[in-house]
Each structure stands twice: as structure tokens, then as C-alpha cells.
Amino acid sequence: MALPRRLPAEPRPAVEQTDLAPLDDKLGFWLRLAQQAGFDALQRGLGPLGLTPGRLGVLLLIEANPDIRQALLAEALRIKPSNLTVLLAALEQEGLIRRDEEEGNRRANRLRLTAAGLRLLRQGEEAEAAAERQLAEALSPAERRALLTALRRIVGG
């Protein structure tokens with residue numbers, strides 16, 4: 001028995017366009033796309049170092065705040081303490097940070113970078129600076145300042 005003959009496929013348009021008009025004036029949509037662009041730019045530079053934007057942020061804040069309490073760091077980063085605990089355990093296991101129990105309060109940990117953590121942080125800062133330059137290249141210095149001001153107001157900072 002012969003198989004039925006297939007009809008030729010209809011030609012597809014070379015490039016399909018999606019109408020973004022319903023989302024064009026939505027802050028949340030553009031914030032999400034901007035965040036994704038930022039994370040993509042950062043990941044290109046940080047990935048080879050074994051860093052993520054989140055890990056870099058933790059290292060930056062620990063360096064800026066030696067002996068910061070773990071709970072205060074979670075609050076500053078606006079993440080759940082349990083999620084930070086997992087991240088800190090990995091950083092500690094990799095020899096990048098040191099967690100010391102607070103004297104008189106075994107439930108509180110104070111955080112510090114190790115020498116290896118500081119070396120990695122310096123490399124991460126170079127990659128982060130390159131990503132920042134890439135993200136800001138379409139903006140004038142005044143536009144960049146205005147954007148930062150607006151974003152800080154949105155998050156209430």
C-alpha cells in the first residue's frame with residue numbers, strides 16, 4: 001500500500017515579529033529584561049571564575065563589612081537567611097570565607113573573607129567593571145545617574 005503523499009510545507013516568514021505593544025509601558029517587563037541583560041553581561045565575565053552575581057555580591061559586602069553578622073548580611077541582600085546559609089556554606093567549603101561564632105552567642109556567625117576569597121573578589125571586580133561599562137555604554141553619565149536614582153526609589157532605598 002502506498003503512503004499518502006505529503007503536501008509541501010507552507011513557506012514561513014523569514015522573521016516572525018511579536019507585537020510587544022501590550023507590554024511596552026510596563027515597568028515590570030522592562031525591569032525584568034534589564035535585569036536579564038545585566039545578569040547575562042555579568043555571567044560572561046564571572047562564570048569562568050566560578051562566580052555568580054549573587055556570590056560576588058556576598059563577597060563584596062563581606063569585604064566592606066568585616067565581621068558582619070550572617071543575619072544582617074541576609075537582611076542587606078534581601079534574601080532568606082536559609083538561602084544565605086547554603087551559599088555561605090559553599091563559600092566556606094571553597095575556602096573563600098570564614099565563619100566564626102560570635103562570642104557569647106553560638107547562634108550568631110561573623111563573616112570574613114579569606115586571602116583566597118579576597119583574590120577571587122579582585123578578579124570578580126574586574127569582570128563586574130567590564131559588565132558595568134557594557135551596560136552603561138548606551139547611557140550618558142547623567143542618564144546612568146538618573147536610572148540608578150530611579151531604581152533606588154523603586155526598591156525604597
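# Close-up views of the predicted model

Residues are numbered from 1 along each chain as its sequence is written, and side-chain values use heavy atoms, with hydrogens and water left out. Arg-107 belongs to strand β3, which spans residues 105-113; strands (E, at least two residues) and helices (H or I, at least four) are DSSP runs numbered from the N terminus. Between the C-alpha atoms of Arg-107 and Gln-70, which are 37 residues apart along the chain, the separation is 10.0 Å.

**Gln-70, a buried residue of helix α3.** Gln-70 is part of helix α3 and, at 13% relative accessibility, counts as buried. Once residues up to four places away in sequence are set aside, Gln-70 touches Leu-84, Thr-85, Leu-88, Arg-99, Asn-109 and Leu-111, where a contact means heavy atoms within 4.5 Å.

**The crossing of helices α3 and α4.** Helix α3 (residues 70-77) and helix α4 (residues 81-93) have axes that come within 9 Å and cross at roughly 110°, the axes being lines fitted to C-alpha atoms, for helices over the stretch in contact, with angles running from 0 to 180 degrees between N-to-C directions. The two helices, α3 and α4, are therefore roughly perpendicular to each other (65 to 115 degrees; under 35 counts as roughly parallel, over 145 as roughly antiparallel and the rest as oblique). On the side of α3 the contact is made by Gln-70, Leu-73, Ala-74 and Leu-77, and on the side of α4 by Pro-81, Leu-84, Thr-85 and Leu-88. Sorted by class, this contact of α3 with α4 has six nonpolar, two polar and no charged residues; Ala, Val, Leu, Ile, Met, Phe, Trp, Tyr, Cys and Pro count as nonpolar, Asp, Glu, Lys and Arg as charged, and the others, Gly among them, as polar.

Val-86 sits in helix α4 and counts as exposed, at 61% relative accessibility. Its C-alpha atom is 28 Å from that of Leu-151, and Val-86 and Leu-151 are 65 residues apart in sequence. Arg-78, in the loop between α3 and α4, is likewise exposed, with a relative accessible area of 61%.

**Positive phi at Arg-78 and Asp-67.** Most residues other than glycine have a negative phi. Although Arg-78 is not a glycine, its phi is positive, at about 60°. Asp-67, also not a glycine, has a positive phi of about 70°. Asp-67 is placed in the loop between α2 (53-64) and β1 (68-69), and at 30% relative accessibility Asp-67 counts as partly exposed.

**The packing of helices α1 and α5.** Helix α1 (residues 27-46) packs with helix α5 (residues 115-136) at an angle of about 145°, and their axes are 8 Å apart. From α1, the residues Ala-37, Gly-38, Ala-41, Leu-42, Arg-44, Gly-45 and Leu-46 meet Gly-124, Ala-127, Glu-128, Ala-131, Gln-134 and Leu-135 of α5. By class, the contact of α1 with α5 has seven nonpolar, four polar and two charged residues.

**Arg-55, a buried residue of helix α2.** Arg-55 is found in helix α2 and, at 11% relative accessibility, counts as buried. The side chains of Arg-55 and Glu-94 are joined by a polar contact of 2.5 Å, that is, a pair of N or O atoms within 3.5 Å, of which, within protein, one must be able to donate a hydrogen and the other to accept it, residues adjacent in sequence counting only if both atoms are side-chain atoms. Neighbours within four places in sequence aside, Arg-55 is in contact with Gly-50, Leu-87, Ala-90, Leu-91, Glu-94 and Leu-96.

**Arg-144 in helix α6.** Arg-144 lies in helix α6, which covers residues 141-155, and at 33% relative accessibility Arg-144 counts as partly exposed. The side chain of Arg-144 makes a polar contact of 2.9 Å with the side chain of Glu-132. When neighbours within four places in sequence are left aside, Arg-144 is in contact with Glu-132, Ala-136 and Leu-139. Between Arg-144 and Leu-46, which are 98 residues apart in sequence, the C-alpha to C-alpha distance is 23 Å.

Notes: This is a predicted model: local features need pLDDT of at least 70, side-chain atom pairs count only at pLDDT 80 or more; totals for chains, interfaces and linings use all residues. Buried means under 20% relative accessible area, exposed over 50%, partly exposed in between (1.4 Å probe, protein chains only).
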